[in-house]
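Open your viewer and get ready to click along.

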Amino acid sequence: MKLLEEKIKQDGVAVNKHILKVDSFINHQVDPGLMQEMGQEIAGHFREKGITKVATIESSGISPALMTALALNVPMVILKKQPSKILNQDLYQTVVTSFTKETNYELTLSKKYITADDHVLLVDDFLANGEAATAAIRLIRMSHATIAGLGVLIEKSFQPGHEKLAAQGIEVYALARIAKMGENYIEFQE
Ligand code: G4P
């Protein structure tokens, strides 16, 4: 999506060859107009897939997921990062390993909000190693719902997330794909 690539060039900061800062328009301060257009673009891509819910992982995924859900006119469900609740029968839970942050955390979903009848589109801001998305898919599948695909704003194509998800049969749609970056330069994938 040209609009997002232009915005990344203008306001994104490649801190080093691994980390892109987009906190002035995506994940700290949010540009609502741009976010709405990005949600509409993801929704347009998956519109014919019979999606019943959009799911995301808190917190930075919420803005793009909400805009996508609005455009598809379906509810948005937030997968929560919560400490383990022992034997809570109302929740599905799974562990996520974050390589970037070198931590483990528990992702939880209330059984009420995604059921076997649902066809779920997962939306997030970044796709990097794909660990969070893989765990989210695992969690959603515990409810016996099906997965329509993954929509992300920014894919760092030099990291293994896309391949990892494609290997599981998940369609990934990324609005901007970064092939390479370094201090003060960003190269997009054709
Ligand atoms: P993975 O989920 O794809 O496996 O990636 P990883 O564990 O490496 O990423 C962990 C967190 O870091 C995620 O946010 C992800 O969105 C974020 N992240 C990954 N690469 C970048 C980057 O280049 N720039 C920025 N700004 N963030 C990046 P999170 O821990 O889920 O936190 P939240 O922001 O959603 O609350």
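**Stop one: the pocket**

The largest pocket has a volume of about 810 Å³. A pocket here is an open set of points on a 1 Å grid over the protein atoms alone, where a 1.4 Å probe fits, with protein on both sides within 12 Å along at least five of seven lines; the volume is the space filled by probe spheres set on those points, which are joined across faces, edges and corners. This is a predicted model, so local features need pLDDT of at least 70 and side-chain atom pairs pLDDT 80 or more, while totals for chains, interfaces and linings use all residues. Residues are numbered from 1 along each chain as its sequence is written, and side-chain values use heavy atoms, without hydrogens or water.

Now select Ser-98, Thr-100, Lys-101, Asp-125 and Phe-126: of the 32 lining residues (an atom within 4 Å of a point), these lie nearest the pocket's centre. Elements giving two or more residues to this lining include β5 (91-98), β6 (103-110) and α4 (131-142). Colour β7 next, as this strand gives the most, with four residues. Strands are DSSP runs of E, at least two residues long, and helices are runs of H or I, at least four, numbered from the N terminus.

**Stop two: the ligand**

Show the ligand, which sits in the largest pocket (more than half of its atoms lie within 2 Å of the pocket's grid points). Around the ligand are 20 residues, and Leu-20, Ser-60, Thr-100, Gly-130 and Glu-131 come nearest; a residue counts if one of its heavy atoms lies within 4 Å.

- An oxygen of the ligand lies 2.6 Å from a side-chain N or O atom of Ser-60.
- For the side chain of Ser-98, the distance from a ligand oxygen is 3.1 Å.
- At Gly-130, a polar backbone atom is 2.7 Å from a ligand oxygen.

**Stop three: two backbone details**

Zoom to the peptide bond between Glu-58 and Ser-59, which is cis, with omega about 0°. You will find Ser-59 in the loop between β3 (53-57) and α3 (62-72). Finish at Asn-73, in the loop between α3 and β4 (76-81). Asn-73 is not a glycine, yet its phi is positive, about 60°. Most residues other than glycine have a negative phi, and most peptide bonds are trans.

Methods: A polar contact is a pair of N or O atoms within 3.5 Å; within protein, one must be able to donate a hydrogen and the other to accept it, and residues adjacent in sequence count only if both atoms are side-chain atoms.
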